[in-house]
Amino acid sequence: MKKIITTAKAPAPIGPYSQAVLTGNTLYTSGQIAINPKTGELVLESIQKETKQVMENLKEVLAAAKMTFENVIKTSIFISDMHNFVEINEIYGTYFNEETAPARETVEVANLPKFVNVEISAIAIK
């Protein structure tokens, strides 16, 4: 059985998908982009600020499922330019304990929703 996870503290879905789905003890989040949930505006001033907003959105989705970044076992990072990897990784790394960091992949893609520079999704377990 699946439970749909939603929170007003992260951007609302802009299509036929959920912010996250919990099945058993496993949470699957949808990809988060840098939409400020309070204003609905994109945060694109810098790749660092964009990545921070993405991670804050992901944090709120995890919190809605009563989880934290410590519960994350896998992330997927999609970026529009691999030249931004160092800056993205720097911000991303502040949300995890290096000794217990999740598995992940980072993939450069041609385009992302709303033509943002980074999108991150996660799988977490209780």
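**Entry 1: Lys-74 and its partner**

I began with Lys-74 in this predicted model, and I found that Lys-74 is partly exposed, with a relative accessible area of 24%. I then looked for a charged partner, and the side chain of Lys-74 meets that of Glu-105 in a salt bridge, at 2.6 Å from N to O.

**Entry 2**

How many salt bridges does the structure hold? I found 2 of them, and the one still to be described joins Glu-56 to Lys-52, whose closest N and O atoms are 3.8 Å apart. Both residues sit in helix H1, and their spacing of 4 residues is about one turn of the helix. I reminded myself that an α-helix has 3.6 residues a turn, so residues three or four places apart point the same way. For Glu-56 I noted a relative accessible area of 23%, which counts as partly exposed, and for Lys-52 I noted 43% relative accessibility, which is also described as partly exposed.

**Entry 2: the sheet**

Next I traced the sheet, which is open and made of 6 strands in the order E1-E2-E3-E6-E4-E5, with mixed pairing. Which strands are at the edges? They are strand E1 (2-5) and strand E5 (103-108), each of which pairs on one side only. From one strand to the next the twist averages 15°. I looked at one pair in detail: strand E2, residues 20-23, and strand E3, residues 26-29, pair in the antiparallel sense over 4 bridges. Within this pair, Ala-20 stands opposite Thr-29 in E3.

**Entry 3: the helices on the sheet**

I then asked where the helices lie. Helix H1, residues 47-64, lies across E1, E2, E3, strand E4 (72-79) and strand E6 (118-125), and it runs at about 30° to E6. Helix H2, residues 85-93, also packs on the sheet, where it touches E4, E5 and E6, and its direction makes about 150° with that of E4.

Which residues of H2 are buried? I listed Ile-88, Ile-91 and Tyr-92, and because they cover an arc of only 100° around the axis, they are placed on the same side of H2. The cover over these buried residues includes H1, E4, E5 and E6. On the face of H2 turned away from the buried side, I found the exposed residues Val-86 and Glu-90.

**Entry 4: Pro-37 in its loop**

Last, I looked up Pro-37, which is found in the loop between E3 and H1. Is Pro-37 buried, partly exposed or exposed? Its relative accessibility is 30%, so it counts as partly exposed. When I left aside the neighbours within four places in sequence, I found Pro-37 in contact with Ala-8, Lys-9, Ala-10, Pro-11, Gln-53 and Asn-57. I also checked Ala-12, which is 25 residues away from Pro-37 along the chain, and the C-alpha atoms of the two are separated by 7.6 Å.

Technical notes
Residues are numbered from 1 along each chain as its sequence is written. This is a predicted model: local features need pLDDT of at least 70, side-chain atom pairs count only at pLDDT 80 or more; totals for chains, interfaces and linings use all residues. Side-chain values use heavy atoms; hydrogens and water are left out. Two strands pair if DSSP finds at least two bridges between them. Helices (H or I, at least four residues) and strands (E, at least two) are DSSP runs, numbered from the N terminus. Axes are lines fitted to C-alpha atoms, for helices over the stretch in contact, and angles run from 0 to 180 degrees between N-to-C directions. Contact means heavy atoms within 4.5 Å. Buried means under 20% relative accessible area, exposed over 50%, partly exposed in between (1.4 Å probe, protein chains only). A salt bridge is a side-chain nitrogen of Lys or Arg within 4 Å of a carboxyl oxygen of Asp or Glu. The arc is that of the directions from the helix axis to the C-beta atoms.
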